[in-house]
Amino acid sequence: MCGIVGYVGQGQRSAVDVLMEGLHRLEYRGYDSAGIAVHEHGAISVRKRVGRVSELARLLDEQPLSGSLGIGHTRWATHGGISDVNSHPHLGGNGEVVVVHNGVIENYAALRERLQALGYAFRSTTDTEVIAHLIAHHLEEQLRLGQDGTDRKTILGAVQLALKSLKGTFGLGILFRDHPNLLIAARLGSPLVVGVGKHEYFLASDASPLAGYTDEVVYLSDHELALLTPQGMEFIHRDHGRTAPSITVLDQSAGDSELGDYPHYMIKEIYEQPTTIENALRGRLDDDAATAVFGGLNLNVQQLRRIDRIVLTACGTSWHAGLVGEYLIEEFARIPVEVEYASEFRYRNPPLSDTTMVFAITQSGETADTLAALRESQRKGHPTMAICNVVGSTIAREADGGIYLHAGPEIGVASTKAFISQVTVLALLALYMGRLRHLSHPAGGRIISHLRQMPDVIRKTLLCHDAVREIARKYQGTENCLYMGRGYNFPVALEGALKLKEISYVHAEGYPAAEMKHGPIALVDENTPSVFIIPQGTMYHKVMSNLEEVKARKGPIIAIACEDDEQIARIADDVIYVPRVEEYLYPLVTVVPLQLLAYHIALLRGCNVDRPRNLAKSVTVE
């Protein structure tokens, strides 16, 4: 949550241009307010405003800035309400320090009281302003000890002393009024990446703002500082001192984050899903051995055969993908699987043996709870793997091994193509683990054949778009909605309900269809539609009975059914038809119309589908 961008150079670029383009690319991380600070004419000038980055752009048209050193921020509010004064950047002391911050300072109240007692005046109600004043305070102390205020060692010492007092998480970009060529970055629990140029350096909370400016990046580690000047970069770790940076090639272009001809990122990413399946499968299917191929698990066959239990831990949409993964792995590999909310798993002490493998599933690779769950598993000696979309992310780097999704940047806050990719990868994992055990060669070959067909199947599924749009018009005014599915489609019911909640603000709940009689049926009335995911399969007649029960109580019914189902149209009020596939692959198919339904209902209700209220793309705070 929140986005940071920074730039320092020799004047070959305008800092304002770099910062504003970066903030536009980072707006999906937070859009309550935005601001920048630029070093110009021997001082640091700040512009910030509530609202979208476009509001900040209008302010800069009225009050322009110029310079080659600056930091910027787009905010998702944690401490302090949404206001101009609470927007970042924040000044420390008498303006000698300026800070932007991602994360949460847990002991900010005690630090604030201490600094107020020392005479520091607070302008905002944020936790971030504490950091700016604390650095200014330690800088003043260094000066009283006779240190040179423009000396880099003095400034570094002040920052390090301030960081020692902070409890919580932070990603920081820091400027100093009296040091016009220095940008300092610091990280603990909140991601930061440095872009390497020629006599210029970039800073961001993820790599998307750096695409097009540089293809060389350095990912900061926890407890690491970066000192950036036009003359070079220096990295210092709290425990290890100066460290040699590990430069990574950025595999991302500026065009990857562009809308193209689409009106919104969400619909663009829904239509990219056939390609994301192709990317997830590419190079991972071995026809001769009838299995999947992974290069990053970092465990040999003997070690993998010892695994007798798998834990999948995740949050939100990734958790729903994990539920599908549970069904897949247990069916094809016959290994017991548990799916844990990362936010709960990190605080529990479950009895896991040394033959348990933990998979952290995450799109961003930075989700705070998932990262903490992974670290806790590592402390206890379990092999920890990541299923992740972002190369170089913290979880990808810290896991013992893992599988990349290769879905490309996902900008829409409501995840779509990442879910499809995660389910595809989990199907590959089930195939791989199954072939290590009892799954036969012919069975493995059939799975490979079915998976290869899925990109074209999803392209065919997207032909339901017009029908979904019409159904959305009918139900746009609903305030409550139930989603029902069984077997592989129960997690899809959860995901469909989440999508509707996220972007249209309609209350929706997902249930196993058979559980309806155990409570949810009390909600059924003529104003509460029920979405039944009822493709042909082993549970078809069971779900049909549940559907009839809702129909008997005059509940409107939207059915997601196979295109050759003649019976469903006689019962359901509205039907969205999808292709028939193998039962274990239905989640890839049935989720698509639910994504489209949420999208169109949100549009018809006047909601911002890409930037829903109160949500941000990457949850990097607890």
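## Sheets, aromatic pairs and cysteines in a predicted model

At 66% relative accessibility, Gly212 counts as exposed. The model described here is a predicted one, and in it Gly212 belongs to the loop that runs between strand S10 (200–204) and strand S11 (216–219). Although Gly212 and Gln252 are separated by 40 residues in sequence, their C-alpha atoms are 8.4 Å apart in space.

**The antiparallel sheet**

Seven strands make up an open sheet with antiparallel pairing, and their order across the sheet is S5-S6-S7-S8-S12-S13-S14. At its edges are strand S5 (90–92) and strand S14 (241–243), each of which pairs on one side only. On average, neighbouring strands of this sheet are turned by 25 degrees against each other, with direction ignored. Within the sheet, strand S6 (residues 97–102) and strand S7 (residues 170–176) run antiparallel and are joined by six bridges, and His101 stands opposite Leu172 in S7.

Two helices can be described together with this sheet. Helix H4 (residues 128–144) packs on the sheet and touches S5, S6 and S7, its direction making about 140 degrees with that of S6. Helix H5 (residues 152–165) lies across S7, strand S8 (179–188), strand S12 (224–229) and strand S13 (232–237), and it runs at about 150 degrees to S12.

**The parallel sheet**

Another open sheet has five strands, paired in parallel and arranged in the order S19-S18-S20-S21-S22. Here the edge strands are S19 and strand S22 (401–404), each pairing on one side only, and the twist from one strand to the next averages 20 degrees. Strand S20 (residues 356–362) pairs with strand S21 (residues 384–388) in the parallel sense over five bridges, and Thr362 is found opposite Cys388 in S21.

Helix H11 (residues 368–379) lies across strand S18 (309–314), S20 and S21, running at about 165 degrees to S20. Helix H13 lies across S18, S20, S21 and S22, and its angle to S20 is about 160 degrees.

**Aromatic pairs**

The structure holds seven aromatic pairs, and two of them are set out below.

| Pair | Geometry | Centre to centre | Angle between planes |
|---|---|---|---|
| Phe294 and Tyr432 | edge-to-face | 5.5 Å | 80 degrees |
| Trp319 and Tyr341 | stacked | 4.0 Å | 10 degrees |

Phe294 lies in the loop between strand S17 (291–292) and helix H8 (301–306), whereas Tyr432 lies in helix H13 (residues 417–435), so this pair ties together parts that are 138 residues apart in sequence. Both members count as buried, Phe294 at 14% relative accessibility and Tyr432 with a relative accessible area of 13%.

Trp319 counts as buried at 12% relative accessibility, while Tyr341, at 39% relative accessibility, counts as partly exposed.

Elsewhere, ring pairs link Tyr7, Phe202 and Tyr213 into a cluster. A contact of another kind involves Arg613, whose charged end sits over the ring of Tyr505, 3.9 Å from the ring centre.

**Cysteines**

A disulfide is a covalent bond between the sulfur atoms of two cysteines.

Terms used. Residues are numbered from 1 along each chain as its sequence is written. This is a predicted model: local features need pLDDT of at least 70, side-chain atom pairs count only at pLDDT 80 or more; totals for chains, interfaces and linings use all residues. Side-chain values use heavy atoms; hydrogens and water are left out. Two strands pair if DSSP finds at least two bridges between them. Helices (H or I, at least four residues) and strands (E, at least two) are DSSP runs, numbered from the N terminus. Axes are lines fitted to C-alpha atoms, for helices over the stretch in contact, and angles run from 0 to 180 degrees between N-to-C directions. Contact means heavy atoms within 4.5 Å. Rings of Phe, Tyr and Trp (its six-membered ring) pair if their centres lie within 6.5 Å; planes under 30 degrees apart count as stacked, over 60 as edge-to-face and the rest as tilted. Buried means under 20% relative accessible area, exposed over 50%, partly exposed in between (1.4 Å probe, protein chains only). A charge sits over a ring if NZ of Lys or CZ of Arg is within 6 Å of the ring centre and within 35 degrees of the ring normal.
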